[in-house]
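Welcome! Please keep the sequence and the 3D view at hand as you read.

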Amino acid sequence: MDYQTMRTFADSWGLLFLVIVFVVVVIYTFRPGSKKQADEIARIPLKDDDDPNKDDKE
């Protein structure tokens, strides 16, 4: 398999594959039930831990 063959394959089927992956990710992100999960994930950095130094203790 030479460079030109791989380049032709990537230009056609590779592009199609990446477009399909992009569409699936967008549909998964904006599905009706994902708002609650996205809100929970967005609050993770603001969440208080019970003991913030527990990882530092040995």
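F22 is part of helix α1; helices here are DSSP runs of H or I with at least four residues, strands are E runs of at least two, and both are numbered from the N terminus. The residue F22 is exposed, because its relative accessible area is 57%. In these terms, buried means under 20% relative accessible area, exposed means over 50%, and partly exposed lies in between, with a 1.4 Å probe and protein chains only.

This is a predicted model, in which local features need pLDDT of at least 70, side-chain atom pairs count only at pLDDT 80 or more, and totals for chains, interfaces and linings use all residues. Residues are numbered from 1 along each chain as its sequence is written, and side-chain values use heavy atoms, leaving out hydrogens and water.

What about the helix itself? Helix α1 covers residues 3-29, 27 residues in total, and spans 36 Å from its first C-alpha to its last, close to the 39 Å expected at 1.5 Å a residue; the expected span is 1.5 Å times one less than the number of residues. There is a bend of about 35° in α1 at A10, given as the angle between axes fitted to the seven residues ending there and the seven starting there.

Stepping back, the protein has two helices and zero strands. Of its 58 residues, 2% count as buried. Its accessible surface is about 6000 Å², with 64% belonging to carbon and sulfur atoms; such areas come from the Shrake-Rupley method with a 1.4 Å probe, and for residues only the protein chains shown count as cover.

Leaving aside residues up to four places away in sequence, S34 touches Y28 and T29, where contact means heavy atoms within 4.5 Å.

How many salt bridges does the structure hold? There are two, each a side-chain nitrogen of Lys or Arg within 4 Å of a carboxyl oxygen of Asp or Glu.

| Salt bridge | N to O distance |
|---|---|
| R7 and D11 | 3.2 Å |
| D39 and K35 | 3.5 Å |

R7 and D11 are about one helical turn apart, because they sit four residues apart in helix α1. R7 is partly exposed at 42% relative accessibility, and D11 is partly exposed at 43%. D39 and K35 are both in helix α2, four residues apart, about one turn of the helix. Here D39 is partly exposed at 30%, whereas K35 counts as exposed at 58%.
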